[in-house]
Amino acid sequence: MGSDIVTIPAIHRSAANPFDLGGKVAIVTGSNTGLGAGMALALAQAGCDIVGVSRADAGDTPARVEATGRRFADVRADLSSTAPVEDIVRAAVEAFGRIDVLVNNAGIIRRQDALEFTEDDWDAVMDLNLKSLFFLAQAAARQFVKQQSGGKIINIASMLSFQGGIRVASYTAAKSGVLGLTRLLANEWAAQRINVNAIAPGYMATANTAALREDAQRNDEILSRIPAGRWGAPDDLAGPVVFLASSASDYIHGHTLAVDGGWLAR
Ligand code: NAD
């Protein structure tokens, strides 16, 4: 009896390895430290040249990227306003001729009881984590359209895209907004072969969570609720970011991928 199985060739994938990012150019904001540094390194190891956006010092990311054999363009920008977004894309194109990937990672958090929360703590977080994220995505997508190349936008969301949290009003508002915006932009741009997705890290050991880890009670509460039994590390985002930047994810649009040691499964 003959087999009913029909093999359909993956005609849309030119690379033998669909995770290969050789020859691609990725912009990573907040690449000087923490999760941004980890994702810049992972993308470089997969073949990308990196345009690293740092507010002040680029840290050791340029050296770590160059040690993989890829190039690093050091762009300094303060994303607390939208003023630099077009310059960032222009600098990337001047450095490497094109862009293929944007990782919208730069972000801050402000902690205060909702009754005491200030307008400054609201605006600072919303301006960086949501407003600049949108306008940088817009500038990158305009370049993708100009290149007629398609492209990949990966926004960094949070557990607080799904949950309410406590004492972090503007952060929850911004990260919930990132999840919604990721869907909206996917809807508008998918037909132009632009994939917009997000990664929602769980509780990761970086400067962003230092205050939580220093509070012994909060540290224990959080650790005991993570099925994997440990804080996440920047390395834990390596596979997910390469996947979402690569042709392996070409039919994934508007998804927010939790990388959380099982936190949301509880
Ligand atoms: P981090 O504090 O180590 O890194 C934040 C990055 O944003 C730094 O590179 C910093 O220079 C940059 N940045 C801050 N203000 C900026 C500005 N005005 N202009 C340009 N860059 C600016 O923290 P992290 O944990 O690596 O955070 C990276 C992203 O991951 C953030 O969006 C954060 O909200 C998100 N996140 C972190 C966790 C976690 O547990 N650490 C969890 C979920 C989401």
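Glu-221 and Arg-218 sit 3 residues apart in helix H7 (residues 216-225), so about one helical turn separates them. Their side chains meet in a salt bridge, 3.0 Å from N to O. This is a predicted model, and a search of the whole structure turns up 11 salt bridges. Here's a quick tour of a few of them, plus a word on confidence.

**Within helix H7**
- Glu-221 counts as partly exposed, at 36% relative accessibility.
- Arg-218 is partly exposed too, with a relative accessibility of 28%.

**Around Asp-49**
- Asp-49, Arg-70 and Arg-71 belong to one network, joined by salt bridges that share partners.
- In the Arg-71 to Asp-49 pair, the closest N and O atoms are 2.8 Å apart.
- That pair links distant parts of the chain, 22 residues apart: Arg-71 is in the loop between helix H2 (61-66) and strand E3 (72-76), while Asp-49 is in strand E2 (residues 49-54).
- Asp-49 is buried at 3% relative accessibility, whereas Arg-71 is partly exposed at 46%.

**Asp-250 and Lys-152**
- These two form a salt bridge, with 2.7 Å between the closest N and O atoms.
- Asp-250 lies in the loop between helix H8 (238-245) and strand E7 (256-259) and Lys-152 in strand E5 (residues 151-156), so the bridge ties together parts 98 residues apart in sequence.
- Lys-152 is buried, at 6% relative accessible area, but Asp-250 is partly exposed, at 31%.

- The chain's average pLDDT is 95, and 94% of the residues score at least 70.
- Residues 8-13 have pLDDT below 50, and this stretch has 2 contacts in the model beyond near neighbours in sequence.

How values were computed:
Residues numbered from 1 in each chain as written. Predicted model: local features only at pLDDT ≥ 70, side-chain atom pairs only at ≥ 80, totals over all residues. Heavy atoms only, no water. pLDDT = per-residue confidence, 0-100. Contact = heavy atoms within 4.5 Å. Salt bridge = Lys/Arg side-chain N within 4 Å of Asp/Glu carboxyl O. Helix = DSSP H or I, 4+ residues; strand = E, 2+ residues; numbered from the N terminus. Buried < 20%, exposed > 50% of the residue type's maximum accessible area, 1.4 Å probe, protein only.
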